[in-house]
Amino acid sequence: MEYRLEELIDIAQFQTILDKLNEIYSFPSAIIDNKGNVLTATAWQDICTKFHRVNTKSELECIKSDKYISEHLAEANPAISYHCPHGMVDNAIPIVINGKHIANFFTGQLFLDKPDLEFFKTQAKIYSFDEKSYLEAVAKVPIWTKEKLDNYLLFIKSFTEMIAGVGYKHLIEIENLKLLEKKDKELEESEAKFRAIFENSQDAIGVSRQGINVFLNPAYITLFGYSTHEELSGTSILEQIAPSARTTIIEYINKRAKGEYLPNRYETIGIRKNGEEFDFEIGVDTYLMNNDKYTIAIIRDISGKKNSIQKLKEQNEEYEALNEELRQTNDELQKAKEKAEESEARFKNLFERHNAIMLLIEPDSGLIIDANKAAVEFYGYDKSKLCSMFINEINTLNTAQIKEERIKAVNQNRNFFIFPHKLANGEERIVEVHSSPIDYHGKKILFSIIHDITVRKQAEEALIKSEERFRTLFENVGEGIGFVNSNEEFVFANPAAERIFGVATGELAGKNLYEFLSEEQLKTVLNQTKIRMQGRNSNYEFELTRPDGKKRNLLLTAVHQFDTNNNYIGAHGIFRDITERKIAEIELFKALEKASESDRLKTSFLQNMSHEIRTPMNAIIGFSKMLEKPELSAEKRKIYTTIINNSSTQLLSIVSDILTISSLETKQEKTNIHKVCINSIIIDLLATLKNQAINQNISLYAKQQLNDLESEIYTDKIKFTQILNILLTNALKFTHKGFIEFGYTLVETQNFESRLQQTQNFASLPQQTQNFASLPQQTQNFASLQQMKFYVKDTGIGIKPEEKNKIFERFRHADNSISQKYGGTGLGLSISKGFMELLGGEIWVESEPDKGSTFYFTIPYNPVNKIEKTDLPNKPGSGVKTILVAEDGEYNYLFIEELLLEMNYKIIHAKDGKETVEICKANAEIDLILMDIKMPIMDGHSAAKEIKEFRPNLPIIAQTAYALENERKLFSGPEFDDYVTKPIDKNELKNKVMKYLK
C-alpha cells in the first residue's frame, strides 16, 4: 500500500527540529512530497519569495531549476545541487522509505562565491524590481564555501535517513496492526462457519450427560416436534424413545457399559411431542470422564425408508403370491389347457395394475420384454419404445457389469441390487432392484421389481458429507477447540489445541487446565470461571506453561454450558495462540520508546547547542559593538578584544566539535599517521594546563614510563592530542579539590587476534590519509603484542555506575543537570571514542560518585625506533634499574626525570612521604630512592626511617635545600646513605646515582 510522508512521521515535530537547525545554520529548508505539497518550510530567502517567485518571467527560470532537480534526484550523492539562472545554489535530497521515493528535502538559496552586484542590478532592470530592495535581499543570502556546503549536506543526508528510519518503523507498525485486524476477521469467519455447520446440520445432533440432554441443535428440536431448546433441556434421551423400544435401548446401554461390543449405529423408534411414533437411525459415541458420562448422538429420520421397505415387503408378498398363482396356473395348464388363458390374464392384470415398477427382461441379451404402467411412467418412454430397449440403455453400468449381475440373478446367487438408472429426459435416479428368474411362455426370464430410492440416497450422502465437513473442520481448524467440565478438566480437544498446549495426540483429554498455569495466571482463569458460572461468556488472555517449560500467550473465547437444572457443567472454548503477536507488540513498544528517546536527545542537544553557540556569540556581538565607542579607553579596548578573542575561540571549538561529530557519523573522518613523541605531548599539555590547575588549587601530575626515544611512535598526533586534552579538560572541569594525574604504561595486548584485525584495518587505509607506505618496514608490522595504556585520574565528582556507558554516546551527559551546571556540548567523550576506533584502540572509565574517576584509553605501540624486546622497561630481570623519586614539586620532578631517563633508568614518582612508603612496600624492584625532605603528609626523614625498617639495604639519597655544614649533618644518620643539595647539579646527581647502582 502507498503511504504519504505525513502518515508516517510527525510533521510538526520535524518542523520544530528544522526551525532549531535554522537557528544554528541560518539556512532555509523544506520537505515537499512527490505531489508538490509543502510539508515543512523554514526561512526561505526574500530574494526568492518576494522577487523571483512572484514575477511571471523570472519564475520561469525558477521552474527550470525545480524541474532539473526533480529529474536528477536519482543521481543524488548525497544531494542534487543546481546553480539556478538567478545565480544561487539550490539542493535537494530524496527521502526514501522502504525502497520507495516518497518526498524530497529541499535546501538552498546560497552563494558559493561573492555575488556579482552588477549582474543583480541588471536582473533588477530586466524584471522591473526595485533595485535597492532587491540588492538588500541579495545581501541577506548567505555565502558558503564548497566545503561547508558539503559537510552540511552530509549532515542533512543523515537527517533524511533519520526521517526515513522513523517513517519505516511507523510503516511496520501500521502494517502489523492491519495484519492483526485481518487475523481477527479470519477467526470470526472461522467461528461463524463452525457455528453455521453445527446449527444448520440436517441431522439431529444432541449431547447428553449421564443420559440428560445438555445441548441440542435446531434439527434435533424440530425432529421431535418441539419449538424451543428449553422444552427438551433436562429431559432424558430415553424420553424421546417410544415406550415399546425403551427396553431394547436400555439393554444396549447396559451391555455397552459392561464392555460388550455393540455397533455404534442402530435403528429404533422415536416419539414426538404430539405422541407420534417414527423410525430413526441413531449413531452414538459415549465418553466416561471423571464419573460423568457424556454421549453425542446423531439421529436420522428413516420413516420413509421403513415405509418403502414395508411396501416392498408387501409387494414381495404379492409377488410371491403371484408366483404361487403362476405356478398353480402352470400346473393347471398342464392339467387343462382351457385354464391357461385365464391364468395368463390374471398375471397380466396383476402386472399392469401394480403400483410397483416391474420389468420382464430376457436374461441372455438384456432385452426388455415387457414393462408395466408404473415402469412406463417412471422411465418416461412409450411402452413400445421401452419394450424394444435393452437394459444396458437404462442402467448406467457398463455392458460387462450388467451381464455379470444378470447371471447372478438368473442363478439366484443374488436377487437384490442398487443401480443408477437413466430416464428418458436424461435424469439419473438411484433404484433398488429385486430380480428373480421366472418361467414365461416356456422360457426363463428375469422378473424385476424396482423402487426409486434417490431421495433416500441423497439424504444419506448429505449426512455423510455433513459429518465429514464437521470432522474436517474440527480436526484441521488452526485455532484450538475444546470442552472443559465444571472443574476445568478437558473432556475433548482438537489437534490444534493439543499442539498449543504442547501435548501428544489424545493426551489433553482428562488433564486439568490448572496444570498449565502459574499461580498468578490461575487467579485470572478462576475469575473468568466465576463469570461464566453467572451465565456470561468470557473472552480473555492468559499465559500457559507447557510441559517442556515453554510459555505461550493465549486468547480464549469461552461459551458457558448449563444442565436442565441450571447448574454450570462446563464450557466450550476456542484457544488462539497470540504469543508472536505479543512479542511483536513488545518490540514495537521498545522501538517506539527508542525513537522517542532518540528524538528527546536530539531535541535536548539542539537546545544545548543553541545555548552554547549563543553564549560566545552574545559576547562577540556585544563587545564588538562596544569597541565602536570613540570614548573607549585603551585598557578597556584591550579587555574587550581579549573577551572577543576568547569567545571566538570558544565558538570555533563548538563548531569544530559539531563538524567533527558529523564527520565521524558519516564515516568521513580520516587518520594522518606521522612520527609522534608521546613524552613531548605530555610535557606540553602539563605546561599548558598547569596554571589553570594552580588557580583551581588542584595538583596536576604527569608520569611517563618510557624515555623520549622509546616514546616515539607512529600515530595521528592531532587526534591523540585532542583525546588527551578532552580528558584533562573534563577532569579540570569536574574536580574541585585534590589532584589530577595522567600518564601511560606499556602493557601486553590481551586479545591478539582482535588487535591484529584492528591494525590490519589501519594498514588498509588510503595512502594519502595516513602516509603508511612511507613508514619504515619494521613499523608496518602493526600486529604488535604491546599497547600504550594512557590514563587520566582525578578526585572529582565521579560518575554513577548506571551512567558510565551513556557518557560516550552522542549528545549525552552523565546527568541532565551537568550541562546546566557546567555547560559544554556533551560531544567531547563521543569524539574521543570515535577517534579511538579510528586509531585502533579502546576507551573506558572506572569511577565512583564523589570520589573521582579514571579514564583509560589504549593505542597500538608502533615504535619509530626498533627496540629489542629484552631492552624494554618493566621486564623483571632485564637489567634496567628502578628509581623512586619522592618529590612534591612537579617541575623539580620533571627535571630529575629528564636527567635519569637519559641514563635509561625506570622512574616511579611519589608526591609525599606516605605514598613513598606504600610504593616501596608494594614494589620489590625499586633499587634506589631520591628522597625530598620537605613534603606534605609525611616528611622525608620519617619516610626514610620507616623504609629502612623493612628495606635496610635499600639506598636512599636525600634531596635538600639545606646547604650549611651543621644542616648537612642531619643526613649523615642511618636513614640516608647520601644526599644532594638543591639546586641539583646534573653531574653530581648522575655520579651519586651511578655510585649506588653499579
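Predicted model: local features only at pLDDT ≥ 70, side-chain atom pairs only at ≥ 80, totals over all residues.
Axes are lines fitted to C-alpha atoms, for helices over the stretch in contact, and the angles between them run from 0 to 180 degrees between N-to-C directions. Two packed helices are described by the angle between their axes and the distance between the axes.

In the pair formed by α5 (residues 117-127) and α6 (residues 131-140), the axes lie 10 Å apart and the packing angle is about 135°. Angles over 145 degrees count as roughly antiparallel and those of 65 to 115 as roughly perpendicular, so α5 and α6 are classed as oblique to each other. The crossing of α5 past α6 is right-handed. On the α5 side the contact involves Leu-117, Phe-120, Lys-121, Gln-123 and Ala-124, and on the α6 side Glu-131, Tyr-134, Leu-135 and Val-138. By class, 6 of the residues in this contact of α5 with α6 are nonpolar, 1 is polar and 2 are charged.

For helix α20 (residues 678-695) and helix α21 (residues 717-734), the axes come within 11 Å and the crossing angle is roughly 30°. Angles under 35 degrees count as roughly parallel, and α20 and α21 are therefore assigned to that class. The crossing of α20 past α21 is right-handed. From α20, the residues Ile-678, Ile-681, Ile-682, Leu-685, Leu-689, Gln-692 and Ala-693 take part, and they meet Lys-717, Phe-720, Thr-721, Leu-724, Asn-725, Leu-728 and Leu-732 of α21. The contact of α20 with α21 comprises 10 nonpolar residues, 3 polar residues and 1 charged residue.

Helix α27 (residues 913-922) and helix α28 (residues 940-950) cross at roughly 15°, and their axes come within 9 Å. These two helices, α27 and α28, are therefore also described as roughly parallel to each other. The passage of α27 across α28 is right-handed. Gly-913, Thr-916, Val-917, Cys-920 and Lys-921 represent α27 in the contact, while Ala-943, Glu-946, Ile-947 and Phe-950 represent α28. The contact of α27 with α28 contains 5 nonpolar, 2 polar and 2 charged residues.

A search of the whole structure for cavities of 30 Å³ or more returned 5. The volume of the largest cavity is about 180 Å³. Its lining consists of 16 residues, and those nearest the centre are Ile-361, Ile-391, Arg-406, Phe-419 and Val-433. At least two lining residues are supplied by each of β11 (357-361), α14 (399-410), β13 (416-422), β14 (428-440) and β15 (443-452). Of these elements, α14 provides the largest share of the lining, 4 residues. The lining of the largest cavity is made up of 10 nonpolar, 4 polar and 2 charged residues.

Two or more of them come from each of the strands β16 (480-485), β19 (551-562) and β20 (568-577). The most is given by β20, with 4 residues. In the lining of the second largest cavity, 7 residues are nonpolar, 3 are polar and 2 are charged.

Technical notes. Residues numbered from 1 in each chain as written. Heavy atoms only, no water. 1 Å grid on protein atoms, 1.4 Å probe; cavity = no way out; pocket = protein on both sides within 12 Å on 5 of 7 lines; lining within 4 Å. Points joined across faces, edges and corners; volume = space filled by probe spheres on them. Nonpolar A, V, L, I, M, F, W, Y, C, P; charged D, E, K, R; others polar. Left-handed = near helix turned anticlockwise from the far one by under 90°. Contact = heavy atoms within 4.5 Å.
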